Amino acid sequence: MPRFYFDINDGRRETHDAVGLRCDSRDALLGAAVSVLPEVASEELPDNMRRVFTVKVRNAAGRYVLYASLSLAADWLDESAEATGFAPPET
Amino acid sequence: MHRPSPLVRKLSHGARLSREDCERLAAVERDRRIVAPRTDLIIEGEEPEHVHLVVSGYACRYKTLDDGSRSIMALLVPGDFCDLHVAILGRMDHSIATVSECEIVRIARPTIERLTERYPTVTRALWWATLVDEAVLREWLVNMGRRKTNQQIAHLFCELYVRMRTVGCTDGNSFAFPLTQDELADTLGISTVHLNRSLQKLREDGLVEFQGRVVTVPDLDRLSRYAGFTANYLHLRVLPDEPPVADERPRGRCGPR
């Protein structure tokens, strides 16, 4: 079973996987790459209005074979004190 | 004088065992057998006929889910009973397997019954052990539900360090940790990829070191603060800096061999 390495960027810090994971199929590899993103995101959020989490998967030879990303995009629709009851941000 | 076993070391936190109590316990755990790594001791649905006691190595409680994945709900280290009171429930609602090679004692149920009828202090100690198991489970529930992954892992290592030290199975700041990355991920309820990333951060921050199947905690106080760990739920009479019984046991005997 081939081993793959998952380099994860949480928008602040990138980790290079030195341990890797053995995957026995394309689906297993895709599943492993995708399922780690919400796990990492739930650790790091809430933190900002915009945040992108990415994973790049390397094969044993060091060639990147898969990329996946998960983005957070939060926007105020009306952040006036009138609407929220909170003081507006100082700009 | 013979050296105290992990069981005697552990139970001496739960009751003031007399010399006779200790001798009786030593007699019960005399008949040991070596069990290979990753071997089921009892499977979900079976009726337990024996109580299993871990003398050396690691075992675990686990359940297999419908999709074939596994959840590990407890790690059993030297001195731990696997299924002390489960006979009252009839059939196993989970499975128990070795993780590393283990020395296991299979104790016939009547032996336990005789023991508890004749030795009230031992009975009290066994109650204590069962209640501590529940307390550990509560802590794991908090750990899985509310702590971030890095803290969750750090908390588990704090707990294991203290538990292993209690039964005389640490070597300085190090202890055997035979779980594979998949098994640790199944214990924490996270993916293996996420686990690898989190372990890397703990290592980079100098909180935990890994060498082969050995974990080293350079500074338990620092790791405890990081994890939000307090040992209160282990209900130890004294913290295992000072072992309750003199240590004459050669180190390393308790780990996987």
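## About the model

This is a predicted model, in which local features need pLDDT of at least 70 and side-chain atom pairs count only at pLDDT 80 or more, while totals for chains, interfaces and linings use all residues. Residues are numbered from 1 along each chain as its sequence is written, with chains lettered from A and ligands numbered from 1 in the order in which they are written.

## Helix 7 of chain B

Let's start with helix 7 of chain B, which covers residues 192-204; helices are DSSP runs of H or I with at least four residues, numbered from the N terminus. Its 13 residues reach 18 Å from first C-alpha to last, close to the 18 Å expected at 1.5 Å a residue (1.5 Å times one less than the number of residues). Just after the helix, Gly206(B) has a positive phi of about 70°.

Its buried residues include Val193(B), His194(B), Arg197(B) and Leu202(B); buried means that 20 or more other C-beta atoms, placed from the backbone, lie within 10 Å of the residue's own.

## Where the chains meet

Here 11 residues of chain B are in contact with 12 residues of chain A, contact being C-beta atoms, placed from the backbone, within 7 Å. Helix 7 of chain B gives the largest share of chain B's side, six residues.

## Nonpolar cores

A nonpolar core joins buried Ala, Val, Leu, Ile, Met, Phe, Trp, Tyr and Cys residues through C-beta atoms within 7 Å. The largest has 60 residues, and Val54(B), Ala59(B), Cys60(B) and Phe157(B) have the most contacts inside it. Helix 5 of chain B supplies its largest share, nine residues. A second, separate core of 14 residues includes Ala33(A), Val36(A), Leu37(A) and Val193(B).

Conventions: Helices (H or I, at least four residues) and strands (E, at least two) are DSSP runs, numbered from the N terminus. A residue is buried if 20 or more other C-beta atoms lie within 10 Å of its own, exposed if 12 or fewer, and partly exposed in between; C-beta atoms are placed from the backbone. Two residues are in contact if their C-beta atoms, placed from the backbone, lie within 7 Å.
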